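Here is a short report on one protein chain.

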Amino acid sequence: MMRVGIVGGGPAGLTLAATLRREATKAAPFEITVLERGSANRDQGNGWDLSKTAQEALARAGVDVPAVQRRGSDTARMFKVTNDARPETCMRWPNSLAKLGLKKDQVLEGINPETSRNEIIRRLIAAATHSDGGSGSVTVRHDCNVSTARRTNDGRGVEILGRNGDSYGTYDVVVDASGIASRLRHCRFSEAADAFYTGRTFVQGIVSSPEKSWHPRLTSRLGEGTLIVAGPAASGTGIEQWLAQRYGAALEDQHTNVSLFCFTEGPNDIPSLLKLEGLHGITSDKDAVKATMDYCVQRLSHEDWPEMYRDAFRAAESIRVLPVFMHPMSELAFAHVVPDSEDLSVISIGDALHALPPWSGTSGNYALTDATELATALLKLREGTEGTCTQEQIAAVLREQEAAFLKRADGPRERCMQVSKFAERAAKSLNIRDFSFEDSFLGTEAKDRSWSDLESVCIVGFFRVITFLNWLESYGIQPPKHEASAAAAAEPATQQSRT
């Protein structure tokens, strides 16, 4: 039986665990232990929109994908406060194209329904630990503070150690799926290849029901998806971007994030200012919530921002401050491999290996892709060696997978760096009248692009066509309930006057 230790009980680690157990044969089972540093009942916050490959990975692991997605959330409407009458850009698959038989996933892979991370994890744990089919076992342990891993003295395995030097067991394979805060990455790569601060910190409030506390116009424009609004910074120079996003899988779950993208010199600037040093994850501490939301309200103090955007932050019940980090290109990682670690049976996946920022649109999807591909490789190894394999054979497979995972992330990483540079310049010096969401997405201003750049021309053209078709359908925006009720009440009188 192959012993697999997975550090990190998030979607990637659990996808790997569930897939291995479900597809293992009785002749070559896996004994899998998942070590998660967080508590079992902690709020995991929002998920992300799953790519086709990520959906296939979850389905393979035993998850009913539609059950973790929010129906109708594959919509993003983008406004400027200086032109509040209509969205500048609307990414929503128009009904007119659907009626022609064109499906969104045939053309637009980048926008899919949002998901509930809590629900994904709950269902993955159930799939991993349920005894239907497959072979072997999965044990999920919480509150495990892993510090490092080391080769055993006899060279036949890898031991996982806690912060106090206590042992979490010895394994044939150790998979690090613990995210950007990984403590195991240094088993393979030195500090010179560590993640760097992108200059951007997300300041986020969580509202359980915007319908009860927000202006009806905001909830109407938000719908079931994402609403992004750009406006002037408090000084009048630079841009603030306000973002709201639903993330509950069930429609009756109205939980919504409301965030600002803030550029700072260092990752601790905002936590220090708000006296939130050492805060990790989501907190509902009243003093922390008030200080953080007051900070957001102050950033929206320019007169062009309507009060309803500030009120949205005042309604937050919990908060999270998230400095965003990103790993360097794969070339740098390969240049700083820890000596004598090539034959170590440890591999990182997802953000622990190649962290990408949220605006890449690929971070969580690549993590699930890593997990499902690593599962395939380990299953193939077990079959090819008739259930018995050496540490050298395991390590060779892990190094091959590691190289592929790192190189895959280089493409979006390069684009993220370009987009981040533009976003920082926009936040610090651009005037709102010169800002556009198209430029923000591409990472360049229109005046700096050439007609010979066919990719940019096609992307801008696509945005504008989709937005125009949505204009014909009122951007899919339902009128606020009180307005809809008033319109319904007025309709009989209108019909009577026509007769």
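Predicted model: local features only at pLDDT ≥ 70, side-chain atom pairs only at ≥ 80, totals over all residues.

Strand β7 covers residues 158-162 and runs antiparallel to β8, joined by three bridges. V158 has Y171 in β8 as its bridge partner. Strands of a sheet pair through backbone hydrogen bonds, either parallel or antiparallel.

## Strand β11 and its partners

Strand β11 spans residues 226-232. Seven of its seven residues are buried. Strand β3 (residues 76-80) pairs with β11 in the parallel sense, over five bridges. Here A76 stands opposite T226 of β11.

β11 also pairs with strand β12 (residues 239-246), in the antiparallel sense and over seven bridges. A230 finds its bridge partner in Q241 of β12. β11 and β12 make a hairpin, with six residues between them. In the turn, G236 has a positive phi of about 95°.

## Salt bridges

How many salt bridges does the structure hold? The count is 26. In one of them, R221 meets D84 at 2.8 Å, N to O. R221 sits in helix α7 (residues 216-222), while D84 is in the loop between β3 and β4 (89-91). The pair therefore ties together parts that are 137 residues apart in sequence. Both R221 and D84 are buried.

R408 and E373 form another salt bridge, with the closest N and O atoms 3.0 Å apart. R408 belongs to helix α14 (residues 391-408) and E373 to helix α13 (residues 363-384), so this pair links parts that are 35 residues apart in sequence. R408 counts as partly exposed because its relative accessibility is 24%. E373 is also partly exposed, at 30%.

K428 is partly exposed at 43% relative accessibility. E424 is partly exposed too, with a relative accessible area of 28%.

A network of salt bridges links R188, E342, R399 and E402.

## A nonpolar surface patch

Which residues make the nonpolar surface patch of about 350 Å²? They are F468, W471 and L472. W471 lies in helix α17 (residues 454-471). At 48% relative accessibility, W471 counts as partly exposed.

## The whole chain

The protein chain has 18 helices and 15 strands. Of its 499 residues, 54% are buried. The C-alpha atoms fill a box of roughly 90 × 55 × 50 Å along the principal axes.

What radius of gyration does the protein chain have? The value is 24 Å. A compact globule with 499 residues would have a radius of gyration near 23 Å, so the chain agrees with that expectation.

Technical notes:
Residues numbered from 1 in each chain as written. Heavy atoms only, no water. Buried < 20%, exposed > 50% of the residue type's maximum accessible area, 1.4 Å probe, protein only. Helix = DSSP H or I, 4+ residues; strand = E, 2+ residues; numbered from the N terminus. Pairing = 2+ DSSP bridges. Patch = residues over 30% accessible without salt bridge, like charges linked within 9 Å, V, L, I, M, F, W, Y side chains within 5 Å. Areas by Shrake-Rupley, 256 points an atom, 1.4 Å probe, with all protein chains shown as cover. Salt bridge = Lys/Arg side-chain N within 4 Å of Asp/Glu carboxyl O. Rg over C-alpha atoms; globule rule 2.2 N^0.38 Å.
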